[in-house]
Amino acid sequence: MKFSFFFIIAWLTAFDCLAISKQVQIDLYKRSITQAVALKDCQLALNKLDALKKLSHSPFASFHTGSCLLSQNKLSEAKRYFQEYFSAAENTHEYYMQALDAYLKIEESQAKKQVGLSIWHEPTTAMSFVKIPKGCYSMGSQATEKGRLIREKAHEVCFERPFWMSQFEVTNAQFRLFKAKHDSEKYQQYSLNDNDQPAVYIGWQDAGDYAEWLSEQTGYRFRLPTEAEWEYSAKAGTQTARFWGDDENKACDYANVHDASSKRAIKRFKWQNHQCDDGYIATAPVGRFKANAFGLHDMLGNVWEDRK
């Protein structure tokens, strides 16, 4: 009886050796990563994760590697692996809420390095909101600005009290808490549907309904920003055409734009591309580029934002 059992198992293993061998390797790498994290040997975990990625993408492994790096206060590295986790994991995944908490901890720690920055984390969707200081600015374009339209006459606008603005664009994962079946679709062959990509194919009414829903869920009042509020927040105290200055080709440090990558991949774009490469062809996951002086990300580039 033992011989027969062994013979059957051996025959099946030989028959399906490639599939079983691959799965065994995946399981061994996952176990090795877990053990490395327990020993706080993050470098070993990273090495095993790189090997695992050649066989299979594992949200489990990305989460644990990010957690290990966070425990060593390696915030930027940890953030990258949590972003990797969000790209692959559904919001029902067993580690999703833990990953959100860890990611928010990183965001808060990094934000504290910016003087005077106040951040509030909304508990229902885990959206981050930045307190925008009161003040005055010149709304519209300066007379000397390249590409200025006649109707963009500059005029002073003042805000007598601070207000709160979301730090990032609303993600697919956050919008699907409101509309579970929302589909951001794809652009040509490039998916726009990852959890940490901004939610798109959303009309002005949908955006307003989302704010109303969030208000009902939390008891706080949410709405779309006015055009004046949005521009004040985007400029963040600057007077140049872009919040990082007048050099168009520094855009790739601050925004997802039509650049060398999209020019190579998408031939239908006829307008002039920026002479730099931001690494993304379609939409980028939110928060991948440098913030402006108010701590807001993606205020230019990536996708259009709705305003009141």
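Residues are numbered from 1 along each chain as its sequence is written, and side-chain values use heavy atoms, with hydrogens and water left out. Because the model is predicted, local features need pLDDT of at least 70 and side-chain atom pairs count only at pLDDT 80 or more, while totals for chains, interfaces and linings use all residues.

Colleague: How many disulfides are there, and what is the pairing in sequence order?

Modeller: A disulfide is taken as a pair of cysteine sulfur atoms within 2.5 Å. By this rule there are 3 disulfides. With the bonded cysteines numbered in sequence order, the pairing is 1-2, 3-4, 5-6.

Colleague: Which handedness does the disulfide of Cys42 and Cys68 have?

Modeller: The sulfurs of Cys42 and Cys68 are 2.0 Å apart. The pair links distant parts of the chain, with Cys42 in helix 3 (residues 42-53) and Cys68 in helix 4 (residues 59-71), 26 residues apart; helices (H or I, at least four residues) and strands (E, at least two) are DSSP runs numbered from the N terminus. The torsion about the S-S bond is about -95 degrees, so this disulfide is left-handed.

Colleague: Are Cys136 and Cys158 buried, exposed or partly exposed?

Modeller: Cys136 and Cys158 form a disulfide with an S to S distance of 2.0 Å. The link runs from strand 3 (residues 135-139), which holds Cys136, to strand 4 (residues 155-159), which holds Cys158. Buried means under 20% relative accessible area, exposed over 50%, and partly exposed in between (1.4 Å probe, protein chains only). Cys136 has 45% relative accessibility and Cys158 has 39%, so Cys136 and Cys158 each count as partly exposed.

Colleague: How many residues apart in sequence are the parts tied together by Cys252 and Cys276?

Modeller: Cys252 and Cys276 are joined at an S to S distance of 2.1 Å, and both are buried. The link is right-handed, with 75 degrees about the S-S bond. Cys252 lies in helix 10 (residues 251-254) and Cys276 in the segment after helix 11 (260-265), so the parts tied together are separated in sequence by 24 residues.

Colleague: What does Gln83 touch beyond its sequence neighbours?

Modeller: Gln83 is found in helix 5 and counts as buried at 7% relative accessibility. Its C-alpha is 9.5 Å from that of Asn195, 112 residues away in sequence. Contact means heavy atoms within 4.5 Å. Not counting residues up to four places away in sequence, Gln83 touches Tyr103, Asp196, Val286, Gly287 and Arg288.

Colleague: How do the residues lining the largest cavity divide by type?

Modeller: A cavity is a set of points, on a 1 Å grid over the protein atoms alone, where a 1.4 Å probe fits but cannot get out, and lining residues have an atom within 4 Å of a point. The volume, the space filled by probe spheres set on points joined across faces, edges and corners, is about 30 Å³ for the largest cavity. Its lining is Gly140, Ser141, Gln142, Glu145, Lys235, Gln239, Thr240 and Ala241. With Ala, Val, Leu, Ile, Met, Phe, Trp, Tyr, Cys and Pro as nonpolar, Asp, Glu, Lys and Arg as charged, and the others, Gly among them, as polar, the lining divides into 1 nonpolar, 5 polar and 2 charged.

Colleague: What does Ser141 contact, leaving aside its neighbours within four places in sequence?

Modeller: Ser141 lies in the loop between strand 3 and strand 4. At 6% relative accessibility, Ser141 counts as buried. With those neighbours left aside, its contacts are Arg148, Glu152, Lys153 and Ala154.

Colleague: Which strands are included in what covers the buried residues of helix 9?

Modeller: In helix 9 (residues 227-235), 8 of the 9 residues are buried, so the helix is largely enclosed by the rest of the structure. Among the buried residues are Trp230, Tyr232 and Lys235. The cover includes strand 2 (128-132), strand 3, strand 4 and strand 5 (163-166).

Notes. On a 1 Å grid over the protein atoms alone, a cavity is a set of points where a 1.4 Å probe fits but cannot get out, and a pocket is an open set with protein on both sides within 12 Å along at least five of seven lines; lining residues have an atom within 4 Å of a point.
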